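Dear colleague,

Please find the structure below, handed over for your own work. A short account of what was found in it comes after.

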Amino acid sequence: MASATADFGIDVFAKYKPIALDPANPKLSEQQKADLLSNIAVLRDTIVYFTSSGAARGVSGHTGGPYDTIPEVCILEAFFLHSSEKFIPIVYDEAGHRVATQYLLSALHKHIPFEHLLHYREANSKLPGHPELGLTPGVQFSSGRLGHLWSFVNGVALANPDKTLFMLGSDGSQQEGDDAEAARLAVAQNLNVKIIVDDNDVTIAGHPSDYMKGYSLAQTLKGHGLTVFETPGEDVDKLYASICTAVTHNGPAAVICKRKMAPGIKGLEGTTHAHDVIPVKIATEYLKERGYDKAVEKLQAITPNSLAYLYTGSTQEKSANRVVFGEAVVSVLEGLSKEEARDRVRVIDSDLEGSTGLSVIHKQRPEVFLSSGIMERGNFSAAAGFGSTKDRQGIFSTFSAFLEMIISEITMARLNLANVLCHFSHSGVDEMADNTCHFGLNTYFADNGLIDGDTTRLYFPADANQMRATVAKVFWDQGIRLVISTRAKVPLILKEKSEEPFYGKGYEFAPGKDEFIRTGTAGYVVTFGEMVYRAVDAVDRLRSEGLDVGLINKSTLNVVDEEAMRKWGSTGFVLVLESLNQKTGLGSKLGTWLLERQLTPKYKYIGTTKEGSGGLGEQIFHQGLDPQSVIKAVRSLQ
Ligand SMILES: Cc1ncc(C[n+]2csc(CCOP(=O)(O)OP(=O)(O)O)c2C)c(N)n1
């Protein structure tokens with residue numbers, strides 16, 4: 001009878017041999033070694049195959065990390081088969097972007113069909129960019145924010161003192177301060193936690209050996225008191241022996257696997273590109289070379305999904321505001337000599353320069369740029385310290401999701417009167433295939449200063465022109481300023497019934513001012529950021545249907561514009577539209593601001609309310625924040 005994977009493209013069930021290995025015996029027999037190597041090969045091929053479907057579909061993803069750690073995963077699977085009673089049989093992984101490993105295990109353990117893996121990261125497939133407990137059958141934990149998981153695993157170990165636990169680690173995740181805290185707890189409590197770290201010297205923006213000179217993972221973990229084994233990750237005899245010795249050691253231990261990233265994948269091995277999803281072309285060559293013609297055929301048949309919604313009131317062309325931020329900083333710096341710029345400005349990156357738009361500053365003004373590790377708290381505070389005199393500015397940037405990590409640092413920076421210009425990209429949910437753990441929802445958490453004299457400002461420009469004007473205007477202001485952008489591109493906002501940009505020539509950004517994108521008498525939609533162009537489409541359609549509804553761009557999120565509010569708040573209704581957390585966003589505050597002023601329009605607010613659907617633009621529709629939903633919400637207020 002044909003196996004259940006006969007048609008998948010790689011007949012995994014025919015090739016993979018469930019083998020049992022006893023960690024008490026650190027030496028592999030010839031047969032065991034051959035079986036292990038064969039399992040490693042077929043699972044690595046499978047990772048290449050199904051992650052490349054993410055590239056083919058245009059939803060990106062990660063290949064190199066999960067590919068790297070397959071030898072460790074195969075060994076752990078063999079231990080679990082041999083003596084499951086001794087272990088918590090979960091392959092915890094602190095590097096959540098290596099989620100392909102969890103989906104592969106889920107298929108291997110028959111929770112999902114292998115065929116389904118070819119929907120990796122597709123909207124509504126339940127295979128999002130990071131593991132989410134309760135969403136994907138077979139997935140046993142949530143992960144994705146680097147640095148959080150080791151401490152959690154320590155807690156599971158405390159609850160299961162008679163079991164041994166494993167966590168796959170990465171040289172990126174280990175840079176987070178939480179890992180140091182977790183190491184100390186594991187050592188002090190002598191927890192039977194075994195950390196197996198893929199030390200491939202690659203993160204997103206570079207090689208730790210380049211940007212963090214002097215840092216040694218092994219020395220660090222030894223310094224915390226862990227027993228550490230260093231091993232070449234691609235020598236299966238040595239890797240196996242090291243993991244066995246770590247398991248039989250009483251107490252916490254780390255195995256550091258040295259390898260080049262994506263070993264054996266031509267064109268990717270050892271490069272930072274291997275961190276991301278494998279391009280279809282390279283995957284095709286790889287699979288062809290291994291004789292997987294059917295897999296190649298299936299891969300070639302995958303095309304990107306398109307969401308062809310035609311927006312009115314904005315341009316067809318879109319720009320990436322997260323990139324425009326970096327360009328706008330470069331423009332401000334044009335007025336400064338190299339020496340003055342270096343003296344007055346310091347940009348501290350947290351391994352995301354390509355994603356958060358800082359690369360252009362790195363390239364054009366290297367004298368102000370500092371490449372640092374995945375250490376948001378430390379990097380933010382260093383930026384604050386640099387900007388702690390009146391004429392200096394620290395610049396900090398990361399994804400909006402990780403703003404939650406630095407709330408207390410923001411408080412302390414404020415108390416030290418620091419000047420930090422922060423760029424939080426990847427706000428909200430738009431095009432966030434990385435899904436729920438990467439949603440940037442709680443931006444208002446940063447607005448936690450005391451009203452008396454607080455200069456903290458949250459700015460969320462609606463388009464590229466407004467982004468440029470905002471950075472130019474607020475760059476040298478004092479205090480903490482957040483400039484926010486999305487992963488998705490945004491079009492230019494147009495004036496009503498015109499092809500002229502709303503934020504065109506001569507526009508100057510006025511902090512704290514609400515902008516009337518459309519004026520109306522019946523009621524108003526109040527919004528900001530990437531929701532403005534969607535709201536324009538909805539409002540213009542409502543206006544063409546005879547409803548005189550207006551639209552406000554509240555690009556300064558945390559300041560009441562008294563004059564403007566009196567105008568739009570005196571109409572019949574107000575709908576707040578945002579992709580921030582509906583519980584903590586603008587809508588949760590604006591009602592109070594209105595009531596305080598005895599303004600009582602009919603009121604409704606819609607924001608992000610649900611865990612993600614995976615995929616790209618689908619996320620907006622999934623949350624009910626698309627123009628059609630906005631129209632419905634407005635109609636409900638009439
Ligand atoms: C707290 C946090 N900061 C930043 C990121 C974004 N991020 C995802 S993976 C990654 C680099 C990871 O490097 P590593 O863990 O060594 O993985 P590898 O490149 O080997 O796959 C970064 C910065 C994140 N997920 N969590």
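This is a predicted model: local features need pLDDT of at least 70, side-chain atom pairs count only at pLDDT 80 or more; totals for chains, interfaces and linings use all residues.

Residues are numbered from 1 along each chain as its sequence is written.

Domains. The chain is assigned domain 1 (12-300) and domain 2 (314-637), with bounds that come from an automatic or database domain assignment. Their contact takes 28 residues from domain 1 and 26 residues from domain 2; two residues are in contact if their C-beta atoms, placed from the backbone, lie within 7 Å. On the side of domain 1 that touches domain 2 there are ten nonpolar, 13 polar and five charged residues. Here Ala, Val, Leu, Ile, Met, Phe, Trp, Tyr, Cys and Pro count as nonpolar, Asp, Glu, Lys and Arg as charged, and the others, Gly among them, as polar. The C-alpha centres of domain 1 and domain 2 are 36 Å apart.

Ligand. The ligand is surrounded by 23 residues, of which the closest are Gly65, Leu146, Ser170, Gly172 and Thr203; a residue is near a molecule if its C-beta atom, placed from the backbone, lies within 6 Å of it. By class, this shell holds eight nonpolar, eleven polar and four charged residues. Each of domain 1 and domain 2 supplies at least three residues to the shell.

Sheet. Five strands make an open sheet with parallel pairing, in the order S1-S2-S3-S5-S4. Strands (E, at least two residues) and helices (H or I, at least four) are DSSP runs, numbered from the N terminus, and two strands pair if DSSP finds at least two bridges between them. Strand S1 (92-93) and strand S4 (227-232) are at the edges with a single partner strand each, so one side of each has no neighbour in the sheet. S4 and strand S5 (residues 253-258) run parallel and are joined by six bridges. Phe229 has Val255 in S5 as its bridge partner, and Thr231 has Cys257 in S5.

Record. UniProt, in an unreviewed entry, places the feature "domain: Transketolase-like pyrimidine-binding" at residues 319-492; its positions are given in the numbering used here, feature names are shortened, and annotations may be inferred rather than shown by experiment.

Kind regards
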